[in-house]
Amino acid sequence: MHEGQTIKHITGDGSPLKSPSLGLVAASLTSGIAFASDKPLLDTIEEIDGEAVRKFVWSFDGGRTATFRPSFKEETIDLHEMGRRFNDAAWCAANADHPIAFMRAMFDQLGALRVRLGEMKPLLKIVKSRGAGSRSIALIPQDADPTRKAELLAELDRA
Amino acid sequence: MNADVRAKANEAAFLESTWELGELKLRPFSLGSLVLARQMDLSLILGGGDVRGLNVEEVDRQLAVLVWMQSAKITEVLAAVRDGTWKEAFSGSKFTKEGYAAALLLDELRRVDVLTLAAVVSLVPKPGRSDEDPPQNMIAPSWIARRVFRIARGTGWSEDFILWHLPLPRALQYFHCSLWEDGAWTVEPSAPVSQQLEHLEAAAREMSAHDSEDDEL
């Protein structure tokens with residue numbers, strides 16, 4: 001992220017991997033709307049009214065847009081030709097605005113996102129009410145060692 | 001200063017009260033005491049009991065002034081400092097004639113200095129933009145000071161009454177009123193942080209197991 005950058009979000013409840021909005025994330029990336037930073041996802045579990053609730057937020061660069069250039073001719077193709085083009089990276093690169101190239105790019109994007117999400121664990125969002133009616137929040141990685149977790153909780157207690 | 005030490009010291013400051021030195025009763029060191037020490041150039045007191053650079057006679061003299069200004073009637077002390085007669089006033093005090101325990105007084109000065117340093121903050125200019133992050137080293141007032149201050153501001157009650165005579169459950173309700181009157185949104189307190197972590201870790205394990213089952217389908 002950088003100064004002056006605007007951020008747009010895609011939010012949802014539950015696992016980001018299983019959310020239908022993962023398709024939108026992949027489609028946006030495929031179309032040129034980039035993430036706001038190299039850590040675009042905030043995936044947390046927090047306690048709300050005694051229940052554990054998982055929420056996620058994808059952050060996109062608000063200044064980025066998608067431009068579509070329909071520069072291909074109408075055509076009818078069979079499955080064989082569909083497969084040839086879909087599996088041919090060079091063809092897709094040379095015909096980047098063709099729907100088949102888009103579908104291939106989105107397929108790759110979605111696959112990469114799924115792999116990345118499969119390796120990630122949601123952060124544990126611990127909330128502490130403060131006297132002035134405000135709250136302090138700690139985001140604790142599940143894999144943090146017990147000492148680090150204790151340190152983060154102690155910091156939150158002092159806040 | 002370590003945050004834990006600061007928090008503990010700020011809390012301990014609420015235990016400060018009159019103390020006894022022999023037959024003398026000394027008031028706790030206060031803002032007024034600081035003004036007096038500055039007016040009389042009491043470097044030993046202003047330096048939190050640091051005796052470096054002072055000879056024994058000067059240490060004794062300043063400790064004697066300290067005992068006098070903290071034990072004599074406030075009106076007398078103020079008058080003597082105001083009209084410049086304090087040097088005579090303190091040397092004629094009961095304390096000076098009877099002697100005192102210098103080590104005890106120095107310990108007390110150092111103890112109070114730790115509490116004082118824990119309560120000192122510096123101001124930084126606030127940025128014009130509201131979305132700018134606060135400084136990393138920002139310090140909030142202690143929990144007890146926030147509560148006493150708010151209740152006193154809302155009710156006009158004295159610190160002594162709020163701290164030592166007002167029953168705790170009522171004090172907390174008045175604190176709540178003060179927050180409410182200021183338009184704050186108050187909700188049920190969150191569970192202790194360690195308990196929340198335990199619950200969330202268990203929930204995360206359950207969610208992870210559930211996700212794995214889904215993957216197998």
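These legends describe close-up views of a predicted model. Local features need pLDDT of at least 70, and side-chain atom pairs count only at pLDDT 80 or more, while totals for chains, interfaces and linings use all residues. Residues are numbered from 1 along each chain as its sequence is written, chains are lettered from A in the order in which they are written, and side-chain values use heavy atoms, with hydrogens and water left out.

**View 1. Chain A and its run of helices and strands.** Chain A holds five helices and five strands. Helices (H or I, at least four residues) and strands (E, at least two) are DSSP runs, numbered from the N terminus. Along the sequence the pattern is β-α-β-β-α-α-α-β-β-α. Chain A has 159 residues, and 34% of them count as buried. Buried means under 20% relative accessible area, exposed over 50%, and partly exposed in between (1.4 Å probe, protein chains only). Among contacts in chain A with a separation of 6 or more, 57% join residues 24 or more positions apart. A contact here means heavy atoms within 4.5 Å.

**View 2. The contact between chain A and chain B.** Chain A gives 25 residues and chain B gives 27 residues. The area buried between them is about 2,100 Å². Carbon and sulfur atoms give 60% of that area. Buried area is the accessible area (1.4 Å probe) that two parts lose on being put together, summed over both.

View 3. One salt bridge is counted between chain A and chain B. Glu201(B) forms a salt bridge with Lys149(A), with the closest N and O atoms 2.4 Å apart. The term means a side-chain nitrogen of Lys or Arg within 4 Å of a carboxyl oxygen of Asp or Glu. Three residue pairs between the chains are in polar contact, both residues at pLDDT 80 or more. A polar contact is a pair of N or O atoms within 3.5 Å; within protein, one must be able to donate a hydrogen and the other to accept it, and residues adjacent in sequence count only if both atoms are side-chain atoms. On the side of chain A that touches chain B, the elements giving two or more residues are strands E2 (41-48), E3 (51-61) and E4 (123-129) and helix H5 (146-158). E4(A) gives the most, with six residues.

**View 4. Phe35(A) stacked on Trp58(A).** The structure holds seven aromatic pairs over all chains. Phe35(A) and Trp58(A) form a stacked pair, 5.4 Å centre to centre, with 5 degrees between the planes. Rings of Phe, Tyr and Trp (its six-membered ring) pair if their centres lie within 6.5 Å; planes under 30 degrees apart count as stacked, over 60 as edge-to-face and the rest as tilted. Phe35(A) sits in the loop between helix H1 (21-30) and E2 of chain A, and Trp58(A) in strand E3. They are 23 residues apart. Both Phe35(A) and Trp58(A) are buried. Ring pairs link Phe35(A), Trp58(A) and Phe60(A) into a cluster.

**View 5. A tilted pair, Phe68(A) and Phe102(A).** The ring centres of Phe68(A) and Phe102(A) are 5.7 Å apart and their planes stand at 45 degrees, so the pair is tilted. Phe68(A) lies in the loop between E3 and helix H2 (79-86) of chain A, and Phe102(A) in helix H4 (residues 99-118), so the pair ties together parts 34 residues apart in sequence. Phe68(A) is exposed, with a relative accessible area of 52%. Phe102(A) is partly exposed, at 22%.
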